[in-house]
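Have a look at the sequence and the model, then read on.

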Amino acid sequence: MNDSGTLRDRVHEEQRKSLVVLSGAGVSAESDLATFRDNGGLWANYSVYEVATPEAFHANPKLVLDFYNFRRDEVRKAIPNAAHCAIAEAEQYFDVTVVTQNVDDLHERAGSSKVLHVHGLITQARSSVSGELIDLGNENITLGDLCPHGAQLRPHVVWFGEAINHFEEAEALVRNADIVLVVGTSLSVYPFASLADCPRADADCFLITQDIDTVPYGYDYRQGPATVEIPKLLSELR
Ligand code: APR
């Protein structure tokens, strides 16, 4: 490629609209990963207070580790679906950043290159002393797996009552985005849900989900499965 080609790419890069995708469990539902609040969702079968709080981990670490080992095995079996793939492909046309509540790695496995996991990433373990992250590869976490500081390793997942990751960065991205696409989330959990209220007045905002109590003001709501509505919308926007 000659210099003018590189310059042309750079100009094209700077002219591309910024697209921020705010995703939740519904984007991975058609990859057979359970959501949380739908019928039969995870919180219908497990108590948050027994498996998803620091107090739960302190009281019964084995139950918590087993819960996340089960979910991690499901993630490893899951395959990115057409919604994940369409979001990854959109990088050809937009400057895309995915801000996800999901702890699965399906956005990355579909090819998305900029993914912020505000609730953590289940494929990693974390030292509860230093916060150091450890890639688990094909392993799980068992009682007695210690960090270098001698503390029990925990899943790199944000529990209820803990601060989420990357919030300020995510908020700045949404405030500057040309397009905001909220997909597969009930917008039940804060502060992530507050991101949906941050777009510029002149941004194009879309919501894709199967059902929602209240559509945020200014959003174009596309009710339906993410694997149908995401590819359709992104091809409209190109
Ligand atoms: N296509 C599109 N949307 C779907 C699909 C689908 N195939 N299946 C389900 N949905 C929608 C549901 O209608 C619902 O609005 O996805 C949403 C899932 O909502 P939740 O189960 O509440 O999941 P989420 O919003 O991601 O939960 C947020 O809560 O428990 C915490 O940390 C956990 O990250 C999670 C957070």
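The C-alpha centres of domain 1 and domain 2 are 26 Å apart. Domain 1 covers 1–33 + 80–119 + 163–238, and domain 2 covers 35–77 + 125–157; the bounds come from an automatic or database domain assignment. Where they touch, 14 residues of domain 1 and 9 residues of domain 2 take part, with contact meaning heavy atoms within 4.5 Å.

A word on the ground rules: this is a predicted model, where local features need pLDDT of at least 70, side-chain atom pairs count only at pLDDT 80 or more, and totals for chains, interfaces and linings use all residues. Residues are numbered from 1 along each chain as its sequence is written, and side-chain values use heavy atoms, with hydrogens and water left out.

So where's the ligand? Both domains give residues to the shell around the ligand, so it lies between them. That shell has 23 residues, the closest being Phe 36, Arg 37, Trp 43, Thr 185 and Ser 186 (a residue is near if one of its heavy atoms lies within 4 Å). By type, the shell splits into 8 nonpolar, 11 polar and 4 charged residues, with Gly counted among the polar ones.

| Backbone of | Ligand atom | Distance |
|---|---|---|
| Phe 36 | oxygen | 2.8 Å |
| Gly 184 | oxygen | 3.3 Å |
| Ala 226 | nitrogen | 2.9 Å |

On its own the ligand would expose 730 Å², and the protein buries 94% of that (Shrake-Rupley method, 1.4 Å probe).

Definitions and conventions:
A polar contact is a pair of N or O atoms within 3.5 Å; within protein, one must be able to donate a hydrogen and the other to accept it, and residues adjacent in sequence count only if both atoms are side-chain atoms.
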